Amino acid sequence: MRAHADQQIIVALRNGEFGVLDQVYRDHAPSIRNWIVRNNGTSDDAQDVFQDAIIALHQKANDPNFVLTCPLGGLLFSICRNKWLNQLRKKNKEAEVRVWAAEKYKDESSLVSLLEQVEEEQIRQEQLDHTFQQLSELCQKLLRLLISGLSSAEVAVQLGMTDANTVYRRKNACIGRWRTLFQAQN
Amino acid sequence: MRADDYLKLDQYLQNELSDAEKTAFEARLADEPNLADELNARQQMNTYLRTQAQLPDLEKKMAGLSTQYFDDAAKPRVRQMARRRLLYVVAAAAVIALLLLVWNPFSLSGTQLYADYVQHPPLAFVVKSSLEEQVATAERAFKAKDYETVYQSLQGLIAAGEGNPQLQLAFGISALETGRFAEAQRTFAPLAAGTSAQREYGLWYQILTYVRSDNFPQAIELLQKNQFKEPLLKVKAAALRSELE
């Protein structure tokens, strides 16, 4: 499907250009805050939900294959609504849950698909985080340095390894171990 | 998988393969599920690692913005209005009259509500070539949020009956943003009643114009009578309706 004009916000988030959040907060934070406050929440609840939603959006934005096919505001509101729905459920506010659960299924299919992608990514990243923490300190450091853009030769110097080939072999070993741990929990 | 596949995977992920190598590698991905699985896993890991690397900057940015949008000063306006109304009840009649003469709290509410809900869509000013030069100024001004210039640039065209819905919407927005509410309504109404791609935006801006000019009953009536299909407008309309009713 064709990318929506708001894809530029996704690309900015992917590139770490967080100045774009000035616009996102200005356009969407007030209405989402008001909606949560009117549905048994407080301004603090709204702040937590909105921040979680931005983090979830940023996680998915870092997937280079992700394409936003609807307005960002619609997706952001749906993420926030589901998060607030879950909190209401935890607080046993069943009546509110039913009302908003019914509302949820009125969303258009493209929006539902994007929402699912964002939520699946969040779950996957939690699992990846859990298994990443089980890797050796050296593996964690090596993978972080490589993703920061350093070359294998530069990482070899920083980690006191013989050369770039050693870094390359260690990297593949670390990824293999990480993948085994990740698959084991699924 | 082959012995050098890990190297190929790295090069593919870092976009270092030539076009020919990339095509050949993608053909293999279609035929070799193990290779495709390995690529998918590495993409997911990279997504996680990139996210984690950027997280401190993201959290710092959100902390600053949260103070601005979610602190105590940002409590809902309706509660503030309720407290204000209570004060009016206990105030002397003369003071009430004076206050209402010099300061109408509802006008503040309309302005604030409008600010909360307005988000102008990106507009492409695609017009026939004979109008391009005339419209270029308006397009630049619209992007720069210089609505007086947009209004002045498009006024002649619209008055002459230019029927491009994007231009009509831009002109209506410029009228609304510069306080020409009646003219904004006259521009948005035919859009809302039409069948162009801007129909729902025309309707939404009719509602926003009523909000901005404190005519809440008319805004509520339009919200009650109409349904939006566009996801963002649907969400905003539901939130605004719940706030007004």
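User: How do the axes of α7 and α8 of chain B cross?
Analyst: The axes of α7(B), residues 132-143, and α8(B), residues 147-159, come within 8 Å and cross at roughly 150 degrees. Axes are lines fitted to C-alpha atoms, for helices over the stretch in contact, and angles run from 0 to 180 degrees between N-to-C directions. α7(B) is therefore roughly antiparallel to α8(B); angles under 35 degrees count as roughly parallel, over 145 as roughly antiparallel, 65 to 115 as roughly perpendicular and the rest as oblique. This is a predicted model, in which local features need pLDDT of at least 70 and side-chain atom pairs count only at pLDDT 80 or more, while totals for chains, interfaces and linings use all residues. Residues are numbered from 1 along each chain as its sequence is written, and chains are lettered from A and ligands numbered from 1 in the order in which they are written.

User: Is that crossing left-handed or right-handed?
Analyst: α7(B) passes α8(B) in a left-handed crossing (the near helix is turned anticlockwise from the far one by less than a right angle; clockwise would be right-handed).

User: Which residues make the contact?
Analyst: α7(B) contributes Gln134(B), Thr137(B), Ala138(B), Ala141(B) and Phe142(B), and α8(B) contributes Thr149(B), Val150(B), Ser153(B), Leu154(B) and Leu157(B). Two residues are in contact if their C-beta atoms, placed from the backbone, lie within 7 Å. The residues divide into 6 nonpolar, 4 polar and no charged. Ala, Val, Leu, Ile, Met, Phe, Trp, Tyr, Cys and Pro count as nonpolar, Asp, Glu, Lys and Arg as charged, and the others, Gly among them, as polar.

User: What is the secondary structure of chain B?
Analyst: Chain B has 13 helices and 0 strands; these are DSSP runs numbered from the N terminus, with helices being H or I of at least four residues and strands E of at least two.

User: Switching to chain A, which residues of α1 are buried?
Analyst: In α1(A), residues 7-14, the buried ones are Ile9(A), Ile10(A) and Leu13(A). They lie on the same side of α1(A) because they cover an arc of only 100 degrees around the axis, the arc being that of the directions from the helix axis to the C-beta atoms. The buried residues of α1(A) pack against α2, α3 and α4 of chain A.

User: Why does Leu13(A) count as buried?
Analyst: Leu13(A) is buried because 24 other C-beta atoms lie within 10 Å. Beyond its neighbours within four places in sequence, Leu13(A) is in contact with Val20(A), Leu57(A), His58(A) and Ala61(A). The C-alpha atoms of Leu13(A) and His58(A) are separated by 6.0 Å, although the two are 45 residues apart along the chain.

User: And how do α3(A) and α6(A) cross?
Analyst: Their axes come within 9 Å and cross at roughly 90 degrees, so α3(A) is roughly perpendicular to α6(A). Among the residues making this contact are Leu57(A) of α3(A) and Val118(A) of α6(A).

User: Last topic: how many residues does each chain give to the contact between them?
Analyst: Chain A gives 43 residues and chain B gives 35. On the side of chain A that touches chain B, α2(A) gives the most, with 10 residues. That side has 19 nonpolar, 14 polar and 10 charged residues.

Notes: Buried ≥ 20, exposed ≤ 12 C-beta atoms within 10 Å, placed from the backbone.
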